[in-house]
Amino acid sequence: MKKSFFAILAVLLIQSCQSVLQPSDWDTSKVQIARDEFGVPHIFGEKDADVAYGLAWAHAEDDFETIQKTLLAGKGLVGRVYGEQGAAVDFFVQLLETQKIAKAKYEDSFSDEFKAVLEGYAAGMNDYAESHLKEVLYSGAFPVTPLDITSAYILSLAQMSGADRAVQQIVNGEAGKVLPDSNPKGSNAIAIHSSRTESGENFLAINSHQPLEGPVSWYEAHLHSEEGWNILGGLFPGGAMIFHGVNEHLGWAHTVNFPDLLDTYQLEVHPENPDQYKVDDEWLELEERTIWLKVKLWNFITLPVPKKVWKSIYGPTLVTDNGTFSIKLGALDRIGAPEQWWRMNKAQNFSEWKAAMESVQLTSFNTVYADKYDTVFYVSNALLPIRNPKYEYTETVPGNTQETNWSSYHTFKDLPQYLNPASGYLFNTNHSPFTASDSADNLDPNNFAEEMNFSRRENNRSTRFREIMPKEGLLSWEDFERIKFDDQLPEVLAFRTNMDALFSLDPEKFPEIKTQIETLKNWNKRGDVNSEGAALFAFSYYYWWEKFEENGRKWETTLSEEEAAEGLIKAKEHFESHFGKELVPLGEYQKLVRGEKALPLWGLDDVITAMRSEPWKNGMRKGVQGESYIMMVRFGGGLPKIETINVFGASNRPGSPHYDDQMERFLARDLKPMSLDKESVLKDAVRVYHPGEK
């Protein structure tokens, strides 16, 4: 018994062993980091790999903790730091086999030139960790390798394809159509052709609505090498290149789209042997593995927890009381998205940029493009399988026949796309790709394979954009800014839930909320900080959102008169209880919060300047997702004119002066000028240094 106990204890204490990190001996004299007055890093290097090294170092200086979370996920080590909650991520990684896929596909998926970029990024991250051991969350996570980084990319793109929701639904006994994210993300992208602008420039708005903090929040950087890499834009923690932004010649914006990226199969299991499943006339064996999840219990003790995972010919498989199900998605097949992004970063014209897009390694995202050569373009990009039209893939399909088991994908030319439409503009607000321009230029959805299942839904932002975008005439830059920063809901609301009853209540029937009813009737539907109507609407909106979450009610419903009144009654009670008055302006109710700073915050869910908030303290809410990193670009002669803002600042470290120094400008919509010109950046920089210098 004693021997067994000490053997187990030895396993539990294994985490305390420190891995050895050795400096990479990278020639950092070839890497410069220039910090501007807002702390944004401009990274200069001789080669692309040098720039990647510098990006890793600079980003780690600003947000090493969040980057580590991404890397821990890629290595399946989250449970060692974050306990049971982190072990759920590790299970997902093991189920999808992202590490195995990365190892098997790495050599053939990436060019030697891009492998050097990943090697540079890994070296920069390892050298930062070696120099800052006290900041390392788990020593066993280092050194990181290009394979670990690739695994993290595969995991992220699989999640964006809905794999996490599909697995959760299967576990919950709800296998079938992958339901929309209960906390959906939205973004805007707008391109205006030079034929529609007073200045004769192409305009581009890059305006993603990501979470304001966390592993998918934006980090701004400028990357510049002597090998032709010169781009400014946004990336997520752990990213080794710009995800969307602008270089000397062109730029693009991504928004989330919703085609059918993933399929769920129900297997026909042998009645006497649960390890076998039937495909056509043959019984096949499920691949079964036991994985060990290491769950942190105390500071230096982890508990190894065994779990079984399975795999069929279709893909990762779950055995449940309701049946045995497999999922299949392109994100586990094609892994070249990082190199595709890098080639988009370096493209010098539309032909080169489109060639990168035509590889269709990036699994999804609407993409709106503009350049200095009078080109605007939009595509609803997606890695979509060519499916058998006999089956309905939006639901669970039979896993007992090869007829459902696809093996090829639609090409880029099959996807909905527009090039220089006569209207002179393109836009996407996460709405239907078939309404991306003026009605005369829009695509016919009947010309596209039905099994692609692209959304045909409009939303408030797309509806409002059409209200304020002139069909004819020239736009000034100020006109473009007014469109981008519009904060008003459309005349006819387009929420998934019909909320019209809020605006048609009879104050004589509900005298106790007469003031609230009349306030909403007189509200201009704008989400500005001084609006009492906006605060009333926001409270009722979130009140019913939370109710739907609690009772499982579908969003596609209509609020009754009684429910509309209930929301306003609760709003009155809430405001009186927490603010001592029955009406409050939005900025008193909703705040932009960072550390000790809390400022009045404009914005509602699904206005163009979108902002989603969550309960905070003392009856207030704080913004958590929406307007975050914003880039506005004019393409004319010479380098593009660029203005940007990030919601908080360049650093995620509370002690940094750049932790919150962009907040006031963000709220005032006062964007900062940025430049791709190396000489001017170095001239105006507050600090220029090599990685590792004090």
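Does Phe465 count as buried or exposed, and at what relative accessibility? In this predicted model, Phe465 has a relative accessibility of 2% and therefore counts as buried, the cut-off for that class being under 20%.

Aromatic contacts were then examined pair by pair. The count comes to 46 aromatic pairs. One of them joins Trp218 and Phe236, whose ring centres lie 4.5 Å apart; with the planes at 40°, the pair is tilted, because stacking requires planes under 30 degrees apart and an edge-to-face arrangement requires over 60. Trp218 belongs to the loop between strand E4 (202-209) and strand E5 (219-225), whereas Phe236 belongs to the loop between strand E6 (230-235) and strand E7 (244-247); the two residues are 18 residues apart and the pair links distant parts of the chain. Both Trp218 and Phe236 are buried.

The rings of Phe427 and Phe465 have their centres 4.1 Å apart, and their planes meet at 20°, so this pair is stacked. Phe427 is located in strand E21 (residues 425-428) and Phe465 in helix H10 (residues 460-468); the pair therefore ties together parts that are 38 residues apart in sequence.

One aromatic cluster is formed by Phe495, Phe503, Trp523, Phe537, Tyr541, Tyr542, Trp545 and Trp555. Within this cluster, Tyr542 also has Arg621 over its face, at 3.7 Å from the ring centre. A further contact with a charge involves Trp406: the charged end of Lys328 sits over the Trp406 ring, 4.3 Å from its centre.

Technical notes
Residues numbered from 1 in each chain as written. Predicted model: local features only at pLDDT ≥ 70, side-chain atom pairs only at ≥ 80, totals over all residues. Heavy atoms only, no water. Phe/Tyr/Trp six-rings, centres within 6.5 Å; stacked < 30°, edge-to-face > 60°. Helix = DSSP H or I, 4+ residues; strand = E, 2+ residues; numbered from the N terminus. Buried < 20%, exposed > 50% of the residue type's maximum accessible area, 1.4 Å probe, protein only. Lys NZ or Arg CZ within 6 Å of the ring centre and 35° of its normal.
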